[in-house]
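Q: Could you take a close look at one part of this model, the place where its helices pack against each other and against a sheet? I would like the contacts residue by residue, with the cut-offs behind each term.

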Amino acid sequence: MTDTLSFSQTVEIIIVDDRRENLIAMEAVLSNPLYRLICLNSGDQTLQYLKNANTSRLAVILLDVQMPGMDGFETARLIKSRKAMQNVPIIFLTAISKTEAYMEKGYSSGAVDYIFKPFNPDILRGKIKAYVQIHYYQRELERANELLQQKTAELETNNRKLQAAEQELSRINIGLEQTIEERTSSLRLAYQEIHDSHLLFRSVFSMSPCLLAIRSLPEKRFADINDTWQTVTGYTLDEMNELPADSFVNLQRDQIHPAIAPSDPYEHNGEVTFRTKSGEIRYGLFSGQLLELNGSLKQLVVIMDVTDRKQWEIQSSRLERLHLIGEMAAAIAHEVRNPMTTVHGFLQLSRKNHTLLVPEYIEIMLEELGRANGIITEFLTLAKNKATDLKLHPLNDIIASILPLLQAEALISGKEVQAQYSPVPKLRLDEKEIRQLILNIAMNGLDSMGEGGTLRISTEYEEDEVRMMIADEGAGIPEAVLKKIGTPFFTTKEKGTGLGLAVCYSIASRHNASIVIDTGSWGTCFTICFPYIDTDNSST
């Protein structure tokens with residue numbers, strides 16, 4: 001019998017990424033006493049490790065797509081070519097392309113899911129937890145299948161014994177009563193073993209907290225359902241056979257690529273919703289195991305009801321959003337109230353003294369009102385539904401147009417700005433927003449450096465992705481600050497509003513781009529990654 005796992009035993013999760021910082025981040029997100037994280041940095045190293053790996057404890061493989069040497073697609077294909085690895089789920093991690101064709105290539109290589117960088121840690125943990133739970137239940141199903149096969153073999157052996165006994169009885173002389181009694185005792189023992197095996201299976205089947213059912217194949221009719229199934233769904237066995245398959249179980253279509261979606265929902269392993277007799281929609285983790293009983297093909301259907309957990313996750317997400325809204329409202333009120341207080345004070349002073357405001361006071365009030373208006377304008381820039389004027393633009397030309405302004409600003413404080421352009425294709429961009437993104441990040445970089453520092457802006461094109469790097473020679477970003485980068489109204493500057501980088505992240509999101517930060521004692525580099533869609537335009 002193969003090695004099996006209990007819900008308290010550790011499982012292996014393989015993480016493959018050629019960048020050490022990504023492996024460290026993944027280890028931090030997935031840290032769990034029940035997970036043994038295996039961090040590898042290449043496809044070759046992964047294949048070498050899997051030669052001697054215990055696949056019964058391997059729950060999931062997180063595989064980076066873009067790696068030097070053997071990429072993630074080739075690595076996944078070679079992994080899936082091994083019979084022992086065909087049921088181990090592979091999740092691709094990528095920050096490169098989100099096109100359907102690119103994703104289809106990943107699914108055809110053997111992946112079950114895609115996670116795009118930068119990823120949401122809670123979503124990643126939730127997905128990994130679901131795959132680990134499926135792994136546990138698959139191991140339990142394999143154990144049950146082995147037990148069932150063992151008992152089936154014992155049943156066939158006992159049947160052969162019975163046939164042999166009956167043949168022997170036909171040749172025995174009626175007068176040999178003692179021999180007949182011995183054979184009868186042997187038969188009683190065989191029948192008792194068969195009876196005990198049946199009782200054991202019925203006990204496991206009936207008392208399971210999961211919804212269990214047995215379907216006959218290829219007829220696809222329900223042969224049996226357990227008490228939990230009938231209690232949760234409200235359907236009897238006869239009623240289940242009257243229902244169309246897709247009216248009871250519904251696949252989570254947004255999690256399945258159309259090219260690999262099964263026609264029969266009972267052939268899918270993963271997250272599903274199912275409708276009870278009362279019309280309630282509930283969530284479940286579905287698994288189907290093929291069995292052969294008495295020469296006929298059966299399917300053991302297992303649904304673990306996770307509705308309560310799903311509802312808790314939704315409620316938790318809603319409370320988090322409300323908390324963020326409260327924090328942002330308080331921050332906006334604080335930032336706008338300061339200039340309003342100044343204007344209010346001057347107006348009260350004028351009313352008290354019955355005098356007109358002097359030009360100097362009027363100028364101060366106009367500046368304060370302008371500052372309040374600027375805060376509101378920057379905040380509105382964060383809006384996801386903000387209109388974006390996307391047109392084909394050469395990214396290098398946009399950088400060149402704003403470079404003199406940055407060089408003039410740097411010259412005032414004894415610093416320098418340099419640009420290095422590589423041929424990159426035209427992109428669909430909002431020129432004003434990209435100029436604002438460059439200006440915000442570059443000004444932060446200049447502020448972080450001392451006299452004599454150099455700010456470098458460069459571009460490159462590789463693997464259907466255009467990258468723009470803005471690197472400074474400052475002291476780097478502390479870890480505590482790095483975690484809050486991009487949070488509205490978070491700032492380390494005395495006169496900052498805390499909206500600059502938040503606006504940058506909002507602009508990147510509207511361009512389907514991502515921002516990667518690399519920082520250390522040598523300085524900080526912001527890399528803005530734009531996905532490239534071929535528009536038959538030449539590089540500039």
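A: In helix 13, the residues Glu-433, Ile-434, Gln-436, Leu-437, Asn-440, Ile-441 and Asn-444 meet Gly-500, Leu-501, Val-503, Cys-504, Ile-507, Ala-508 and Arg-510 of helix 15, where contact means heavy atoms within 4.5 Å. Helices (H or I, at least four residues) and strands (E, at least two) are DSSP runs, numbered from the N terminus. By class, the residues of this contact divide into 8 nonpolar, 4 polar and 2 charged; Ala, Val, Leu, Ile, Met, Phe, Trp, Tyr, Cys and Pro count as nonpolar, Asp, Glu, Lys and Arg as charged, and the others, Gly among them, as polar. This is a predicted model, in which local features need pLDDT of at least 70 and side-chain atom pairs count only at pLDDT 80 or more, while totals for chains, interfaces and linings use all residues. Residues are numbered from 1 along each chain as its sequence is written, and side-chain values use heavy atoms, with hydrogens and water left out.

Helix 13 (residues 431-448) packs against helix 15 at an angle of about 145°, with the axes 9 Å apart; axes are lines fitted to C-alpha atoms, for helices over the stretch in contact, and angles run from 0 to 180 degrees between N-to-C directions. The crossing of these two helices is left-handed, a term used if the near helix is turned anticlockwise from the far one by less than a right angle, and right-handed if clockwise.

Helix 13 also meets helix 12, and there the crossing is right-handed, with axes that come within 10 Å and cross at roughly 35°. On the helix 12 side the contact includes Leu-395, Ile-398, Ile-399 and Ser-401, and on the helix 13 side it includes Ile-434, Arg-435, Ile-438 and Leu-439. The contact of helix 12 with helix 13 has 13 nonpolar, 1 polar and 3 charged residues.

Helix 12 (residues 395-412) in turn lies across strand 13, strand 15 (454-462), strand 16 (465-472) and strand 18, and runs at about 165° to strand 13. These strands belong to an open sheet of 5 strands, in the order 13-15-16-18-17 and with mixed pairing, two strands being paired if DSSP finds at least two bridges between them. Strand 13 (416-420) and strand 17 (514-520) stand at the edges with a single partner strand each, so one side of each is left without a neighbour in the sheet. On average, neighbouring strands of this sheet are turned by 15° against each other, direction ignored.

Cys-529 is buried, with a relative accessible area of 7%; buried means under 20% relative accessible area, exposed over 50%, and partly exposed in between (1.4 Å probe, protein chains only). The closest cysteine sulfur to that of Cys-529 lies in Cys-525, at 9.7 Å, which is too far for a bond. With a disulfide taken as a pair of cysteine sulfur atoms within 2.5 Å, the count comes to 0 disulfides.

Asn-512 is found in the loop that leads from helix 15 (500-510) to strand 17, and at 57% relative accessibility Asn-512 counts as exposed. Although Asn-512 and Pro-531 are 19 residues apart along the chain, their C-alpha atoms are separated by 7.2 Å.
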